[in-house]
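The points may be read alongside the sequence and the model.

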Amino acid sequence: VLQLPFVPLVGPMASSRFQLPVAIRLTEINEHLICRLCGGYIIDATVVEECLHAFCRSCIVKHVKKSDKQSRCPVCSILIRAAQPLDGLRLDRTLQDIVDKLVPHVREEYEHDEELFNATINIESKSSPSSNSMLYYRIHG
């Protein structure tokens, strides 16, 4: 159960002594915070401009790139900008801020996993010769 801040009332009962805290179950709003492609909480919220359905940025970009000729919204099947589908996607910072506030551990876990992944990549690239050093060796060696 989420405890949200005071909700302002409008009208004759709008004095501050009548404002009450609101509790909302996360399960009641989960469908608006979950990516329908991966099933996890949305990371880097991105919407399809034509219909405003939201997904993780990486999920919807993968979906668009693997579509053959015409990319469609995975939820409602509306055509995503026929000529340049990636131009039909927009970051939704407001939605991402809401997700980050309601489930902050998700962003923290994502960033931690990303750091571990990047560290692994850096270790692997340092232990094997880069293509540039191999090119230098072939030319000069």
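1. H63 belongs to helix α2. The model is a predicted one, and in it H63 has a relative accessible area of 18%. H63 is therefore classed as buried, because the class covers values under 20%.

2. Which residues does H63 touch, leaving aside those up to four places away in sequence? They are L37, R72 and P74.

3. H63 is one of several buried residues in α2: C59, I60, V61 and V64 are buried as well. The cover over the buried residues of this helix includes strands β3, β4 (54-56) and β5. As a general point, an α-helix has 3.6 residues a turn, so residues three or four places apart point the same way.

4. The loop between α2 (57-66) and β5 (89-91) contains S77. The phi of S77 is near 65°, a positive value although the residue is not glycine. In general, most residues other than glycine have a negative phi. S77 is partly exposed, at 42% relative accessibility.

5. Where is D44 found? D44 lies in the loop that runs between α1 (26-29) and β3 (45-48). D44 is not a glycine, yet its phi is positive, at about 55°. With a relative accessible area of 31%, D44 is classed as partly exposed, because that class lies between the 20% limit for buried and the 50% limit for exposed.

6. E31 is also placed in the loop between α1 and β3. Is E31 buried or exposed? E31 counts as exposed, since its relative accessibility is 53% and the exposed class begins over 50%. From C-alpha to C-alpha, E31 and Y41 are 9.4 Å apart in space, and 10 residues separate them in sequence.

7. Helix α4 spans residues 104-127, and E114 is found in it. The relative accessibility of E114 is 38%, so this residue counts as partly exposed. E114 is also a member of a negative surface patch, which E108, E109, E111, D113 and E115 form together with it.

Definitions and conventions:
Residues are numbered from 1 along each chain as its sequence is written. This is a predicted model: local features need pLDDT of at least 70, side-chain atom pairs count only at pLDDT 80 or more; totals for chains, interfaces and linings use all residues. Side-chain values use heavy atoms; hydrogens and water are left out. Helices (H or I, at least four residues) and strands (E, at least two) are DSSP runs, numbered from the N terminus. Buried means under 20% relative accessible area, exposed over 50%, partly exposed in between (1.4 Å probe, protein chains only). Contact means heavy atoms within 4.5 Å. Patches are made of residues with over 30% relative accessible area and no salt bridge: like charges are joined within 9 Å, nonpolar side chains (Val, Leu, Ile, Met, Phe, Trp, Tyr) within 5 Å. Accessible areas come from the Shrake-Rupley method with a 1.4 Å probe; for residues, only the protein chains shown count as cover. A salt bridge is a side-chain nitrogen of Lys or Arg within 4 Å of a carboxyl oxygen of Asp or Glu. Lys and Arg count as positive and Asp and Glu as negative; His and the chain ends are not counted. The place of a charge is taken as NZ of Lys, CZ of Arg, CG of Asp or CD of Glu.
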